[in-house]
Structures are given as structure tokens and as C-alpha cells.
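Dear colleague,

My notes on what was found in it follow directly after.

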Amino acid sequence: MKKNKKKELSTFKKINRRDLIIGASSIGAFSLTPKKLLSEEANPENLPPNLPEWTQYLGDGVDVNPYGMPSEFEGHVIRRNVEWLTASAESSVNFTPLQDLEGIVTPNGLCFERHHGGVSVINPQDFRLMINGLVDREMIFTLDDLKRFPQTNKFYFLECAANGGMEWRGSQLNGCQYTFGMVHNVQYTGVKLSDLLLETGLKEKAKWVLAEGSDSSGMTRSIPIEKILDDCIIAWAMNGEALRPEQGYPARLVVPGWEGNMWVKWIRRLEFGDKPYMTREETSKYTDLLTSGKARMFTWVMDAKSVITSPSPEKPILAKGLHQLRGLAWSGRGKIKRVDVSIDGGKNWKTAQLHSPVLSKSLTRFTLPFEWNGEELLLQSRAIDETNYVQPTISELQKIRGVNSIYHNNSIATWLVSKNGKVDNVRLG
Amino acid sequence: MLGLVRCILGFSLIIFIANTATASDRKFNLGQIASSEEVAGWDIDVRPDGFGAPIGSGTAFSGEEIYAEVCAACHGDFGEGADRWPPLVGGEGSLASHDPEKTTTSYWPFASTIFDYIYRAMPYGEAQSLSYDETYEIVAYLLYMGDIIEEDFVLSDKNIGEIEMPNKDGFLLPDPRPDIMNTHGNPCMTNCQVSTNIIGKARDIDVTPEDE
């Protein structure tokens, strides 16, 4: 008897999952009109006055999911990559589905990934952090050692300096996820380097730190000592649980507000020296080429930026009437002070509501209610941070930096809402 | 460079640590002292002035063969890049053009970086498998292909810090940002003079991946 019911239940689930996959792919391909999409998704047998199966029969018991996963109906909320961008998946990137997230916390499994030599698999017993160079004592710490130091818990965004890098010359990728998704925001637990370094001591001549990863790319970046002592962390946990393997398990460097490449994952070593090391990642990469042929170097801070996550190319408007425009803003220089939203391509602006907590160097959520009556809209958002820096337009950036910079495109994006509710990434000029 | 990062807290901590360092007491008594052998095994970085360069040497002449054997499959016989793998040489004079080609010889400011990176990360998927001599040989071969040294030049730990790369003056410091600060927190709110013509649509470029 019980078994039969279980069987019914699982077929019921299967049917719905199939429906969902159809629905999700339609959004990707934009093949269905919004109205059709809606009517395909609900099963009238589950609607009042009918009795849905989940109301009548038992669901799964407690042991079915020892580690809980999102609802199967959220299967479209995943990281996605752009295959043509890179030669190999081990040195590649995928993107956070910002358009499907609420609040400011990025769930661990959805934090975008960027590796240069694949994901290292490290038994925490085999983890060692070496500190050498211009210190009083060259030392080695186990993970357990690190966890015995005074602890810090902080929310920070991590953004890749190449986020939006494909958009310098024009609108290329038609999605919020692909154009803004190289950012995530989690709460880190770890030890402040200023505490850890009390144990090794620091020679007066120490001005730079080389942070080195233990992955097969041997990721390395030079970081000035002022930053290291100000707010950098060796973190072993994110959002309350151990770091995910793809985020550097068992420990990574956290460099608040600065470009993600510096947040070395699978960290194995910090070397203190009197000069920068000029690694491949801070010469060949992560330097910003100008039209003169000269390149800016050591451009570490992530300037203020914002994005409207809904409506967006993945989140068309499905009905006329009231909607809540939603978005995210962040700044590597501190707190977000204000976000303005325009529905007419930047001619007129309205200030959006910021939702607490508004934290320094963290994603900040904003919303703005709006009424849609089927007209064309040109949606933009503009962040202002506590230093009074205003998020620029792409033409303001291009005037100074040209179009070959790749990195640090923090310009305002434009979403065109068409009369049928579809949304497109467009360039104005 | 350092003047960039203005952080009073950071500076006061430096002084604090420098003072406690002279006292031999460790604050928390956690962790182990590293032996010199342990440090030597992991301390593989090489700095522009040659600091950290391991003892060894090699010429382009001897580097050609090993390059062909372990690197050329991905980076091309002449460093031009195979398929979508990155090119390693070429692109001289292209940096100010519409389509700059950034390679070790057209863009990288220091020879040390080439050694450091190849030794730590290449060949891709077999990191730190080259000997020091092999690495000097391969770096010499790349520099030779970029017309930076002669074929019989012996590159070594003694002179890697003295190689002059063509683009050594190609980098600007310090970071001038915020480089756009014209409205000081009070941008235009109404009837702003902006162009709202649509000049491009990502949909028309048609390179966005679609879900299956």
C-alpha cells in the first residue's frame, strides 16, 4: 500500500520535472511567448478546488537527503559557462545565476568558478600554509592551527576583474548571468592575517606578499603589505560550512574589495619581500591595455557597479501591471550609498530602495516597484558608493581607457524591454 | 606604488608587529617553525631582479628540441599557438592597434616572469615537471624567437635579471582610478542629455549559449 503511493508520487514528480525542463529551455531560446509559458507550467488538477497529491500523501522522510539540495523545480538555477571563451574547461570560468537569486547571499553551489588548472582535491590533513621570507620566524601552519587563532566572520563580494570584459566594444552576451555573473557574495570565516602574522613576526623591510596557491597553476599574486594587514583573511569556511572544493578547499585568501584573481585558492604559501614579484597574473594578465599601447598595472580595487537582475534577458516581463524591479550593487571602496534606476535609457532617474544589511565591500540588494503597461523600456541602474564615486557609462570609460582593457568594466548596462515583455542586452549611443 | 594604499590601520599594525617581533615570544604559540629544506622545496618564485632564480642555465639552441617535444603541441612549433591554445611569441608592434596580440615577447615586461610561470605551471597539467636547466633552455628559445637574445646566448640564474624585454616600459603605475569622478555623488536626475539610440544588440551578435 505504502509502496504504491510512493510510486505514484515519484511518477508525479517526473512529469513535473519534464514540464519544467520544457519551460526552462523555452526561456533560453525565447521561443514561447510569456503567456504560453505561464499556462504550460501550472497543472489545473493541483489548483483549487482540487486536491493536489502532495496534500494527500506522505512525502520523503528525513533520511532521503542527508545533505539537502534545492527543489527539483529549481533545476534551471545553475552556473553556466561560455564554451567558446577558453581552450580548456580546466582553465575557464562559469557564471553565477544572479537573475535567480534574492537578498545578498550567494548559495555556495552557485558561486561562479574560475580556475587556471582545474579544481585541486586536498585532504585537509595534508594542508599546510607556509609563511617565509622577511619574517622573524619562517613557519608552517596546519588547518587545525589556523582554526585556533582568533576568528573573524565577514561578508564580502568577490568579483573577477574580467566581469563584463566581453562588453567593452559592444553588447555581446544576451544575459544578466553572462555579463555580470563573475561575482558572488558569501560570509567568510577565517583568521585575519594581521593576527596570524603576530606569530611569525614581520621584518621592517617587508613591503610585499607573494600569495601562492597549491593548485596545478601555482596561482601567484603580489599584494602590498598595507592591504594584507588591513583586512585580508585566510578563510576556511563560507556561508557557515567548509569552503567548496572549487572555491579553494580547505583554505583560501580573502582580499576584500580587490579583484578576484588575488583571492588565491588552495593557498599554500605567503612569502614576504621588499619588492613586488611581477607574476604572470599581474603582467601578462590583469593589466589594462589602453589605446596608447601602454597598460595600467596593479589595478586592484573593484570600482562601484550595479545590475538589474530582474527584469533582465533571462527574466522577461510576463504580465502587465505592478512589478518589483530587483538588482544588486557593490563597491570595492566601501558601502553602497545610493542606487538610481532609469526606465528611459538614462534621461530620468529614480532612487531605489536599499535593503539592509548594507555592508562594506558586500553585495547590496535594491528594489524599485514599477508599473508596466506594455510599453518599451530602457532599464539602467547606477550605483553611488560612500566615496561619492558614481558608476560610469561605457562611453565615459571608453574615452579614457579605449576598448582593449578587458578588465574593470564597471559601466552601466542597458536592458531593452520590448512590447512583448522580452528583454535584451543593448548598447546605446 | 605604496603611496597608493592609504591605510592608517595598516601602518600602525606594521609598527606593532615590528616591535613584538624583536621580542622572541610568539603570541599564540601555534604552528611549527619551518625547516630550510621545507622552505626550499616550495619557494620556487623568481623575481625581476633575479632573486630566487634557481642555479642552472641553457641556450635557445638546446631549447628548441625540448620545446618541440613538450610545448609545441599546444603552443605551436614557433610559439604561434595551436587551435585555441595561447600563442607565446609574435604580436610585436601590435599593442596600440585595434587587435593587440599580447605574448611573452611582445608584452611581458620581465624575463623572470617567463621562467617563473613555465616552471610552476607548464606543461599544462604537468606542473613543476621540467628541470631548472630545461626551463632556462625553453625560456631562451622563446626569447630567441622574439629576437631578444642570440641562439647561443647562455641564459642562467646569473643573468636572467638583466634581460631587457621590449615592453619593459609598457606599464603604468600607480593606478589612477577613480579616473571618472565628474559628478561627485550628484549625477543628473531629470531631463539628462543622453543619447538613447540603440546602436547594438547582443541578440544580433548571436554568441550567447542557449540551454539544451
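Two strands are taken to pair if DSSP finds at least two bridges between them. In this predicted model, strand E5 (residues 139-141) of chain A and strand E1 (32-33) of chain B are joined by two bridges and run antiparallel. Within this pairing, A:Met139 stands opposite B:Ile33.

The interface between the chains may be summarised as follows. On the side of chain B, 96 residues are in contact with 119 residues of chain A. The area buried between chain B and chain A is about 9,300 Å², and carbon and sulfur atoms give 59% of this area. Three residues, B:Leu30, B:Trp42 and B:Arg177, supply 9% of the area that chain B buries against chain A, which is more than any other three residues.

As to polar interactions, 51 residue pairs are in polar contact between chain B and chain A, counting pairs with both residues at pLDDT 80 or more. The count of salt bridges between chain B and chain A is 11. A:Asp424 forms a salt bridge with B:Arg203, where the closest N and O atoms are 3.1 Å apart.

Several elements of chain B give two or more residues to the side that touches chain A, among them helix H1 (8-22), helix H2 (36-42), helix H5 (111-121) and strand E5 (198-201). Of the elements of chain B, H1(B) gives the most to this side, with nine residues. By class, the side of chain B that touches chain A comprises 53 nonpolar, 21 polar and 22 charged residues.

H5(B) is mostly covered, 11 of its 11 residues being buried. The buried residues include B:Ile114, B:Phe115 and B:Ile118, and also B:Asp116 and B:Arg120. The cover over the buried residues of H5(B) includes strand E8 (208-213) and strand E9 (220-224) of chain A, together with helix H6 (132-145) of chain B.

One further site is in chain A. A:Thr309 lies in strand E16 (residues 305-310) of chain A. Is A:Thr309 buried or exposed? The relative accessible area of A:Thr309 is 1%, and A:Thr309 is therefore buried, since the cut-off for buried is under 20%. Leaving aside residues up to four places away in sequence, A:Thr309 touches A:Leu98, A:Gln99, A:Cys176, A:Lys315, A:Arg326, A:Gly327, A:Leu328 and A:Arg365.

With kind regards

Key. Residues are numbered from 1 along each chain as its sequence is written. Chains are lettered from A and ligands numbered from 1 in the order in which they are written. This is a predicted model: local features need pLDDT of at least 70, side-chain atom pairs count only at pLDDT 80 or more; totals for chains, interfaces and linings use all residues. Side-chain values use heavy atoms; hydrogens and water are left out. Contact means heavy atoms within 4.5 Å. Buried area is the accessible area (1.4 Å probe) that two parts lose on being put together, summed over both. A salt bridge is a side-chain nitrogen of Lys or Arg within 4 Å of a carboxyl oxygen of Asp or Glu. A polar contact is a pair of N or O atoms within 3.5 Å; within protein, one must be able to donate a hydrogen and the other to accept it, and residues adjacent in sequence count only if both atoms are side-chain atoms. Helices (H or I, at least four residues) and strands (E, at least two) are DSSP runs, numbered from the N terminus. Ala, Val, Leu, Ile, Met, Phe, Trp, Tyr, Cys and Pro count as nonpolar, Asp, Glu, Lys and Arg as charged, and the others, Gly among them, as polar. Buried means under 20% relative accessible area, exposed over 50%, partly exposed in between (1.4 Å probe, protein chains only).
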